[in-house]
Amino acid sequence: MSAQSHFPYTDKELSWLAFNERVLQEAADPSVPVIERVRFLGIYSNNQDEFFRVRVADVRRQILIDESKGGGEGARALLAAINAKVLALQTKFDDIYRQLIHDLARRNIFLVNEKQLSPEQGKWLKRHFRERIRRHIVPLIVDEHTELARSLNDGTTYLVAGIRKGERITYCLIEVPTLQVPRFVQLPAEGSKKRKTLILLDNIIRHCLEEVFTGFFDFDTVECFSIKLTRDAEYDLSDEIEMSLLEKMSSGLKQRLTAEPVSFVYDRDMPRHMLEMLQDNLSIAGVDSMIPGGRYHCFRDFIGFPNPGRAYLENPRIAPMRSRQFSEYANTFEAIRAGDILLYYPYHTFNHVTEMLRQAAFDPAVRSIKINIYRVAKHSQIVHSLIEAVKNGKEVSVVVELQARFDEEANIEWAKFLTDHGVRINFGIPTLKIHSKLILIKRLEQGQLKHYAHIGTGNFHEKTAKIYTDFALFTCHEEICSEVDNVFEFIEHSYKKFKFNHLLVSPNDARRKLYSLIDREIQNQLAGKPSGITLKINNLADKGLIKRLYDASRNGVKIRLIIRGMCSLQPGIKGVSENITAISVVDRFLEHPRIMVFNNSGDPKVFLSSADWMTRNIDKRIEVGCPIYQPQLKQQIIDILNLQFKDTTKARILDKAQQNHYVKRGNRKKIRSQIAIYDYLFDYEKRLTLKTPSLWNRK
């Protein structure tokens with residue numbers, strides 16, 4: 001419990017590490033196909049990198065701020081706890097990796113190093129190195145003028161070579177060029193064709209290391225060890241008035257290139273003299289930032305680990321289904337007019353979104369399109385449709401969030417690209433990130449403008465829609481669409497005041513409305529009426545909302561939580577949270593939707609939202625939550641949530657100790673909720689008929 005809290009509260013950084021430990025559990029789970037287990041190591045590693053860039057960097061800054069005021073003990077204690085947990089997880093990671101190497105070998109897949117090559121494989125790799133890799137190798141020689149802190153790229157694996165001649169050692173750094181060539185190379189088959197042999201790019205360079213330096217250095221021996229540097233992801237935006245936000249963001253990204261290191265991972269077998277040289281050159285003081293690891297880093301590349309073996313070694317493909325509500329009509333707009341449509345990715349195809357915009361781009365009746373862009377795919381069909389809409393004379397307005405972390409550079413380029421093609425770009429409010437997931441299309445029908453809106457929990461990203469679970473609502477509800485239009489107006493003219501009767505809009509009124517919804521459940525419980533709260537969100541860390549949930553629990557309100565990531569609330573504490581239960585589901589798809597259900601005396605209020613329950617989402621971002629009004633859709637969401645609460649395969653219990661115990665199955669049926677949800681939706685689509693219009697009548 002944080003020393004700064006007056007009620008049970010787990011520091012969000014430690015809770016986040018508990019979440020990533022759940023990811024690591026998937027890598028260790030023998031019931032998961034072995035190739036997928038290797039990929040989970042990549043997901044875990046990528047998560048850890050972001051954790052250091054953002055959260056550890058923030059704690060380190062807090063230490064400096066507190067120390068300047070004569071304090072800092074709380075933040076320093078937190079950093080010590082973080083480091084202890086990180087080291088423990090690193091040990092688990094290394095053990096799991098070694099086990100996976102054995103498990104792959106049992107299936108005739110061998111990930112070898114440079115010392116395990118046959119003579120023929122060694123010769124083949126020498127040729128491969130000269131033809132494909134050597135052109136990308138430019139060693140950085142370390143001398144008295146070298147500033148490694150300014151020279152090393154964030155999150156990149158380097159091999160530190162020690163070139164020894166007698167007693168003299170020359171140090172060089174070689175960047176492993178994973179952006180130019182694949183990290184994994186399959187070697188030609190030898191003997192049995194069943195045997196598949198892979199080698200890491202790092203080890204190819206090790207195998208050819210002497211060839212890199214021969215002719216340039218006179219040496220007796222040369223050895224190398226791997227390192228990886230992770231930098232602070234924050235940066236300061238210039239206050240220069242004459243600079244545009246685009247220029248400020250570009251300047252800020254350059255700062256990230258030389259930002260202070262927050263972690264330094266090195267091969268634990270590295271000799272002391274080499275480690276001391278690096279520590280001195282990088283100005284890394286103490287051991288807070290130093291993490292001893294194995295010989296391989298940048299495991300995030302393992303997300304793309306190839307499957308050279310049989311199909312059963314990875315998850316079977318789940319084909320996304322089409323919504324019959326869309327399929328029954330000539331175009332998207334007719335379908336939405338017939339009734340609100342709810343999609344759940346990746347079970348439903350994301351093509352319904354891209355098709356909506358494709359149709360809007362050439363539909364003669366469409367007058368304008370507005371959309372938020374937070375993250376989009378590299379080759380975005382959505383962007384293509386927006387440009388085609390401009391060519392067809394539509395008014396197209398795109399709100400581009402330049403501060404979408406780690407997508408800033410891509411979004412700057414998208415903004416320039418869209419502007420060049422005549423799209424009207426709005427960068428929103430510099431002090432507020434825009435995280436809402438909105439589309440608004442205005443269409444002229446019978447002489448009047450009709451509005452069609454998309455309100456979702458996930459990004460307009462074709463790739464992530466295949467691996468993230470997210471809800472999306474399509475509606476032409478007149479009042480809701482009018483309020484969506486007002487959100488876009490607020491983004492452009494933040495000085496204007498808007499009242500939202502249906503939507504929950506951060507930072508406008510979301511906190512007040514959420515407090516009111518919780519308080520209503522308390523009042524109902526005290527009055528003897530049905531009460532209850534069910535939440536499915538990514539992160540729960542806002543102290544005000546946690547305190548309100550504790551108040552509800554003390555008053556007897558039953559609260560069920562599904563939290564994927566950080567959960568600072570501590571369930572099950574007598575007299576505080578004994579009426580609160582919480583689980584986390586980690587499986588093949590990333591659980592990403594934000595859903596809120598309030599019992600409301602037996603007439604549930606159901607909302608989907610773009611916002612997690614974190615202070616930044618409630619008070620410092622533009623987020624939108626939307627009520628679900630059609631009874632059929634409300635029940636569908638409730639059914640899906642109930643399936644997750646019944647999960648006896650991939651659900652973990654969230655408790656005060658953050659032990660990540662799996663939910664015990666007992667004598668219950670084995671349920672894997674992500675598969676059960678697909679089956680549920682498949683049956684739902686199969687049964688669905690649009691011949692009963694009363695089914696879709698709005699309230």
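Tyr9 is buried in this predicted model, with a relative accessible area of 6%. Phe7 also counts as buried, at 15% relative accessibility. The centres of the Phe7 and Tyr9 rings lie 6.5 Å apart and their planes meet at 85°, so the pair is edge-to-face. The structure holds 26 aromatic pairs.

Tyr678 is buried at 17% relative accessibility, whereas Phe682 is partly exposed at 44%.

| Ring pair | Centre distance | Plane angle | Class |
|---|---|---|---|
| Phe7 and Tyr9 | 6.5 Å | 85° | edge-to-face |

Arg195 is placed over the face of Phe110, 3.7 Å from the ring centre. The charged end of Arg560 is located over the ring of Phe645, at 4.1 Å from its centre.

An open sheet consists of three strands in the order E1-E6-E5, with mixed pairing. Strands E1 (109-112) and E5 (184-186) are at the edges and have a single partner strand each, so one side of each lacks a neighbour in the sheet. From one strand to the next, the twist averages 30°. E5 and strand E6 (residues 196-200) run antiparallel and are joined by three bridges. Val185 stands opposite Ile199 in E6.

Terms used
Residues are numbered from 1 along each chain as its sequence is written. This is a predicted model: local features need pLDDT of at least 70, side-chain atom pairs count only at pLDDT 80 or more; totals for chains, interfaces and linings use all residues. Side-chain values use heavy atoms; hydrogens and water are left out. Two strands pair if DSSP finds at least two bridges between them. Helices (H or I, at least four residues) and strands (E, at least two) are DSSP runs, numbered from the N terminus. Axes are lines fitted to C-alpha atoms, for helices over the stretch in contact, and angles run from 0 to 180 degrees between N-to-C directions. Rings of Phe, Tyr and Trp (its six-membered ring) pair if their centres lie within 6.5 Å; planes under 30 degrees apart count as stacked, over 60 as edge-to-face and the rest as tilted. Buried means under 20% relative accessible area, exposed over 50%, partly exposed in between (1.4 Å probe, protein chains only). A charge sits over a ring if NZ of Lys or CZ of Arg is within 6 Å of the ring centre and within 35 degrees of the ring normal.
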